[in-house]
Amino acid sequence: MYKVLFGAAMAAFLSTPAAAEFKFSFDWSGLKLCTTGSPNTVANPRFKVSGLPAGTTAVQFKLKDLDVPGYNHGGGWVKISRDGTVPANSFKYKSPCPPNGKHTYEWTATARTKKGGKKLAVAKARRKYPE
């Protein structure tokens, strides 16, 4: 009996479509070059988000310089559109601005039920700056 129930449960699990992975992409297009170590306050890049968990109405974005993780570049909250596009200029943050060479920057996106609401999922995307 156990084998029959286990087999039925596994079949149901394997036939259930997997939820899409929460992820996003971005690029630095149009960002004024900054390599002085003194970031500018700038508009966010365009983000393309996919695989949003059910119930998501807001996404919080935060930028971190992985080479200088203690510096707070800030970020912002956005209401997410059905197509997953976050237009440029939706919020302001402190731009990437490494004082020497290239740094790796990581945006973290947190999907929530509402601004400050329940966390549903987290996604990260990295790029070097300057590229």
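Analyst: Each term is set against its definition below.

Analyst: This is a predicted model, in which local features need pLDDT of at least 70 and side-chain atom pairs count only at pLDDT 80 or more, while totals for chains, interfaces and linings use all residues. Residues are numbered from 1 along each chain as its sequence is written, and side-chain values use heavy atoms, with hydrogens and water left out.

User: How many helices and strands are there in the protein chain?

Analyst: The protein chain has one helix and nine strands. Along the sequence the pattern is α-β-β-β-β-β-β-β-β-β.

User: Why is valine 49 called buried?

Analyst: The relative accessible area of valine 49 is 5%. Buried means under 20%, exposed over 50%, and partly exposed in between (1.4 Å probe, protein chains only). Valine 49 is therefore buried. Of the 131 residues in the protein chain, 35% are buried.

User: Which residues does valine 49 touch?

Analyst: Valine 49 lies in strand β3, residues 47-50. Leaving out residues up to four places away in sequence, valine 49 touches Phe22, Lys23, Phe24, Phe61, Ile80, Asp83, Gly84 and Val86. A contact is a pair of heavy atoms within 4.5 Å. Valine 49 and glycine 84 are 35 residues apart along the chain, yet their C-alpha atoms are separated by 4.6 Å. For the protein chain, 69% of the contacts between residues at least 6 apart in sequence join residues at least 24 apart.

User: What makes β1 and β3 a pair?

Analyst: Two strands pair if DSSP finds at least two bridges between them. β1 and β3 have four bridges and run in the antiparallel sense, so they meet that definition. Lysine 23 stands opposite serine 50 in β3.

User: In what order do the three strands of the open sheet come?

Analyst: The order is β1-β3-β6, with antiparallel pairing. β1 (23-26) and β6 (85-86) are the edge strands, as each pairs on one side only.

User: How many bridges join β8 to β9?

Analyst: There are 10 bridges between β8 and β9, and these strands run antiparallel. Glutamate 106 stands opposite arginine 126 in β9. The hairpin of β8 and β9 has six residues between the strands, and there glycine 116 takes a positive phi near 80°.

User: Why does asparagine 44 count as buried, and what does its side chain reach?

Analyst: Asparagine 44 has 2% relative accessibility, so it counts as buried. Its place is the loop between β2 (41-43) and β3. The side chain of asparagine 44 reaches the backbone nitrogen of asparagine 89 at 3.2 Å and that of serine 90 at 2.6 Å.

User: Which residues touch the most other members of the largest nonpolar core?

Analyst: They are Phe24, Trp28, Phe47, Val49, Phe61, Tyr93 and Trp107, out of 26 residues in this core. β1, β3, β4 (58-65), β8 (103-112) and β9 (119-129) each give two or more residues to the core. A nonpolar core is a set of buried Ala, Val, Leu, Ile, Met, Phe, Trp, Tyr and Cys residues joined through side-chain atoms within 4.5 Å.

User: What makes phenylalanine 61 and tryptophan 107 an aromatic pair?

Analyst: The structure holds 15 aromatic pairs. For phenylalanine 61 and tryptophan 107 the values are 6.4 Å centre to centre and 80° between the planes. Rings of Phe, Tyr and Trp (its six-membered ring) pair if their centres lie within 6.5 Å, and planes under 30 degrees apart count as stacked, over 60 as edge-to-face and the rest as tilted. The pair of phenylalanine 61 and tryptophan 107 is therefore edge-to-face. Phenylalanine 61 is in strand β4 and tryptophan 107 in strand β8, 46 residues apart.

User: Why is the pair of phenylalanine 91 and tryptophan 107 called edge-to-face?

Analyst: The ring centres of phenylalanine 91 and tryptophan 107 are 6.0 Å apart and the planes stand at 75°, so the pair is edge-to-face. Phenylalanine 91 lies in the loop between β6 and β7 (92-94) and tryptophan 107 in strand β8, so the pair ties together parts 16 residues apart in sequence.

User: How do you know that phenylalanine 91 and tryptophan 107 are buried?

Analyst: Phenylalanine 91 has 7% relative accessibility, so it counts as buried. Tryptophan 107, at a relative accessible area of 0%, is also buried. One aromatic cluster includes Phe61, Phe91 and Trp107.

Notes
A polar contact is a pair of N or O atoms within 3.5 Å; within protein, one must be able to donate a hydrogen and the other to accept it, and residues adjacent in sequence count only if both atoms are side-chain atoms.
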